[in-house]
Each structure stands twice: as C-alpha cells, then as structure tokens.
Amino acid sequence: MSVFRNLEARIEGLVEGVFSRAFSSEVQPVELARKLAKEMDSHKTASVSRVYVPNEYTVHLSEKDRDKLEGYERSLEQELSGYLLEHARRKGYDLLTRPEVHFNTDRRLRLGEFGIQARLVKPPAREGEMPEQADEGHTMVYKVPPAQPAADPTARAPERPSLTRAVVDLNDRRYVLDGPRAVLGRSDDAECVLRDPNVSRRHAELRQDASGQWEIFDLGSTNGVKVNGRRVTEAPLREGDQVTIGTTTFRFGIER
C-alpha cells in the first residue's frame, strides 16, 4: 500500500477513533480532508515550469462543531496538514512551505456547515520579516447532507440524470448547496442564510427538476426576486446568472 493510501486510511480511521467523538455532528474529519484537497486543486497557480498551490488553510466551523474539538484540535490540524502534503506530492504540486491547517469559529455557520479559506503565503526573505500573503479570496462554504435512510435492497433504483449542485456566489463567500431543493432567506432554517433585512425569512427556493435544470421560485417574498435585472416569480437559471433577492445579489453557479 502506498504512503498516500496509508495516510488516507489513517484519516478514514479517525472517524472510528477518538475524533469521531469530537465530531458527533454531521461534520467529519474525512470530509474535511477531502474538501481541503479539493480546495488545493481549485487554487493552482501555474508558472513557467511549476504549479504552486496554497500552503495555508483556515477551516471555519460553527460554534457547536468547534466546541466538540476541545482536546483534539491540534492533533487533527497535524493530521490534515500531512494529508495535504501527501496530496500535493502525489499530484506533483509545488509548495512554498508545509501546508498549515487552522480552525476558526464562525458564528454565521450552523451545525454541520463548514467553510474553507485557502491562501498562498510566501515565507519571509529575512529573519524578522512578516510573511507575504496573497489575496484571501472566497471562503468556500460546504454543508454536509443529512444521512439518508437505508434503501430497500429489493427496490429497483430509478434512472436519473447526472445531478449537479447549486452554488450561491456572494462577495466574500460561496455556498455549495446539496440536494435538489434549497431555501434562501433570513431564517436560520434556510439552507442558505442571508443576513439582509430586506430578505424575507423564506424568500426563494432553488429547485432542480428531473432533467437536471435548476430553477428559482419566489416563495411569496415581500421584495421579490430578480434574475439578471428582470423581476420574476419563477425562472430557469443558467450558470453565471445574477440573482437579486432583497438588496442582496449573488452569482448563480453549478458544481458538477
């Protein structure tokens, strides 16, 4: 078994070990490892002969999820750092320093949600200098889907098209929404919470139909929904559409 597979197996093993107690919510260490590797892949910077990737990662957790890390946080940071280091070696990426992973509490996140912010930080040229940091960019926000009930082994699985995930791209963060439906609004129960007083508690809903097409539906909001500046009650969405609800505008994206 390769070094990478050994490391991957060790990360998987954390779920069954002490860290499974730390993460009794929906967020699991193996899911953090996979999404950190995905963010590394998504933030490559190519030079003439090298491909550089971020070496500093901040994982934003809800207050409740962060509390469950007490006593385990530093060990998990080191495990995730090793996972990213081996991922970079396997992919042939170049790193300016060993990857660092740090945890942060973000009270805007709910239980089961986490955000990842990746940065490429240049080490100081001389002792005593501060490290040079690139632009922080977006924080990618993930929501782990709830566990599904066990399927009936005798039932025939229906044929479905290859489904996608909707992405709500705001100024400073991106929400990846699992599932064929997602409510947008001011309520904490919404899949995408928007802290805008002009947004209704349940303002609009993103829905994916059987063919895989995404649509937006106004849920009887006070201030309505606009797609590319046009007021709508329901409308199909394409990647890159500008959607306004209340006074908040976001770019609609699709993750395949």
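Colleague: In what order do the five strands of the open sheet stand, and what is the pairing?

Modeller: In this predicted model, residues are numbered from 1 along each chain as its sequence is written. Local features need pLDDT of at least 70 and side-chain atom pairs count only at pLDDT 80 or more, whereas totals for chains, interfaces and linings use all residues, and side-chain values use heavy atoms, with hydrogens and water left out. Strands are DSSP runs of E with at least two residues, helices are runs of H or I with at least four, and both are numbered from the N terminus; two strands pair if DSSP finds at least two bridges between them. Here the order is 12-11-13-14-17, with mixed pairing. Strand 12 (192-193) and strand 17 (234-237) are at the edges, each with a single partner strand, so one side of each has no neighbour in the sheet.

Colleague: In which sense do strand 11 and strand 12 pair?

Modeller: Strand 11 (residues 181-185) pairs with strand 12 in the parallel sense over two bridges, and Leu184 stands opposite Cys192 in strand 12.

Colleague: How should I read phi at Asn228?

Modeller: Most residues other than glycine have a negative phi. Asn228, in the loop between strand 15 (225-227) and strand 16 (230-232), has a positive phi near 55°.

Colleague: Where in the chain is confidence lowest, and where highest?

Modeller: pLDDT is the predictor's confidence in each residue, from 0 to 100. Where it is low, the predicted coordinates should not be read in detail. Confidence is lowest in helix 2 (residues 18-22), at a mean of 39, and highest in strand 18 (residues 242-245), at 96, while the chain mean is 80.
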